[in-house]
Amino acid sequence: MELQKELGRAHAGRGSSGGDERGRGEAESITHEINKNANDDTSGMVVTSHAVLEQHSHDESYHPPHQPDAVIYPETVEHVSTIMKICNKYNVPMIPFGTGTGLESGVSAPRGGICIDLTRMDKIIDVNTQDATSTVEPGVTRKTLNTHLRDTGLWFPIDPGADASLCGMCATGASGTTAVRYGTMKHNVLNLQVVLADGRIMYTAGPKGRAPKSSAGLNLTNLFVGSEGTLGIITAATLRLQGQPEFVASAVCSFDSVEQAAETAMQIMQCNIPIARMELLDDAMMHAFNTYKNSSNYAERPHLFLEFHGFSQPSLDEQVAFAQEIAVDLGGQKFLHATALEERNRLWESRHHAWYAALSLRKGCKGYSTDVCVPISKLPEMVHFAKEKIAQLNLIAPIAGHVGDGNFHCIAVFNHHCEDEVARVKQLSSALAIEAINLGGTCTGEHGIGIGKKEFLETELGTVNVEAMCSIKRALDPKNLLNPTKLYPLKQD
């Protein structure tokens, strides 16, 4: 029995009457093939029902869905290896799937194939409190890990907003609100267990590697961080943990213009205040939050949201006072701060609900988040450009961003059934990406390339860089079976 033929028949059967029943029959055949090669009881792992295929055809982005031919739920790295050996043998595309919270269609299957859903591999393998490291399987999310760590005095600080899988965050090179203080995934991954296209299992820093630094050979760990499932499938990650901050304060300050807020963020960074989070919401986003909460509690003006972590109350007070002085000098008003948890949550409520607040502006519409990042000195100029472009294109696109590291998002809310609106959203995304690149920045600070930003890769990195990346892809995945059509602008895609 050839897996490729089985998948083809299962795919064809789904479109006609009785397709689900036939799909189950083909799934049993595929399971038998996997069992035969694995010498293990993995029955029940393969699913071809329409509902499951549809669930795995898309992420949170507006890009068109593409269903895989089957979804497989491995439970061990050996299962993953076996599945990938079979797919490689029969030239079947492989698409890894975690929580599906990505924003650039990184999990869709334009070429069909097998979706490898890793959520059943959900063990926290190890927590080393002395070295502040933890090794997790791909089904473990950041909230799950931090709940597990609660009584250890440690936490994993990278916070992309969604409760994403940690290995998925490795794959996309994620970051989020705390990157300004604790860095991105590239700074917090010590080792990865990866299954290559032909089923071989490797450890990017060696089987036992978790040293805080190394000069031994190429940095293969960072090669796979941000590779978006195109070089191998990550089946375990060893992460760097941080001590939970003992003293925390939150602050909010409003401004007359978004440029003032961006200038304040830039100066806070230049003055080396060890800010833990610094977020910008523009006037449109504050209006969205008032609409979402059906209230008028927040002034509909640009706001900076700040969070400070300290080792003592005096150190915390010093950080807050210094930031307040800078904000007021640059036109900031109503600088409010708090240390009690309940009050801190209240101050930051609008930032925590930004995505859903934006969507509330137009019921039944889709959202698309841009993701440019620029050097901090160029942030005011970039934000000003974004506001002008949004107005020019007549779009509803409130701004929310992690401005402490020059990264912000325009959340365009649009009717995805209207071709003209979709075209204008694409215009906005393209204009912002090109402007960010011209300012020395990037088209994507944390969402990844996926399908949506491939066109900007050569503009940003240059032809030689892209050719080098494609050479690495061909070396590790010569058949182009791992998440094909993503990331690389290959001719066969």
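**Legends to close-up views of strands, helices and rings**

**View A. V136 stands opposite A237 of strand β10.** This is a predicted model, in which local features need pLDDT of at least 70 and side-chain atom pairs count only at pLDDT 80 or more, whereas totals for chains, interfaces and linings use all residues. Residues are numbered from 1 along each chain as its sequence is written, and side-chain values use heavy atoms, with hydrogens and water left out. Strand β6 (residues 133-136) pairs with β10 in the antiparallel sense over 4 bridges, where pairing requires that DSSP finds at least two bridges between the strands. Helices (H or I, at least four residues) and strands (E, at least two) are DSSP runs, numbered from the N terminus.

**View B. Strand β10 (residues 233-240) is largely enclosed by the rest of the structure, because 7 of its 8 residues are buried.** Buried here means under 20% relative accessible area, with over 50% counted as exposed and values in between as partly exposed (1.4 Å probe, protein chains only). Strand β8 (residues 189-195) also pairs with β10 in the antiparallel sense, in this case over 6 bridges, and Q193 is found opposite A236 of β10.

**View C. Helices α10 (residues 258-270) and α12 (residues 313-329) pass each other in a right-handed crossing.** Their axes come within 9 Å and cross at roughly 140°, the axes being lines fitted to C-alpha atoms over the stretch in contact and the angles running from 0 to 180 degrees between N-to-C directions. A crossing is right-handed if the near helix is turned clockwise from the far one by less than a right angle, and left-handed if anticlockwise. The contact (heavy atoms within 4.5 Å) is made by T264, Q267 and I268 of α10 together with A323, I326 and A327 of α12.

**View D. Y62 and F414 form an edge-to-face aromatic pair, at 5.4 Å centre to centre and with 90° between the planes.** Rings of Phe, Tyr and Trp (its six-membered ring) pair if their centres lie within 6.5 Å, and planes under 30 degrees apart count as stacked, over 60 as edge-to-face and the rest as tilted. Y62 lies in the loop between α3 (50-55) and β2 (70-72) and F414 in strand β18 (residues 407-414), so the pair ties together parts that are 352 residues apart in sequence.

**View E. F289 and Y298, both buried, form an aromatic pair that is edge-to-face.** The ring centres of F289 and Y298 are 5.1 Å apart, with 85° between the planes. A search of the whole structure finds 5 aromatic pairs.
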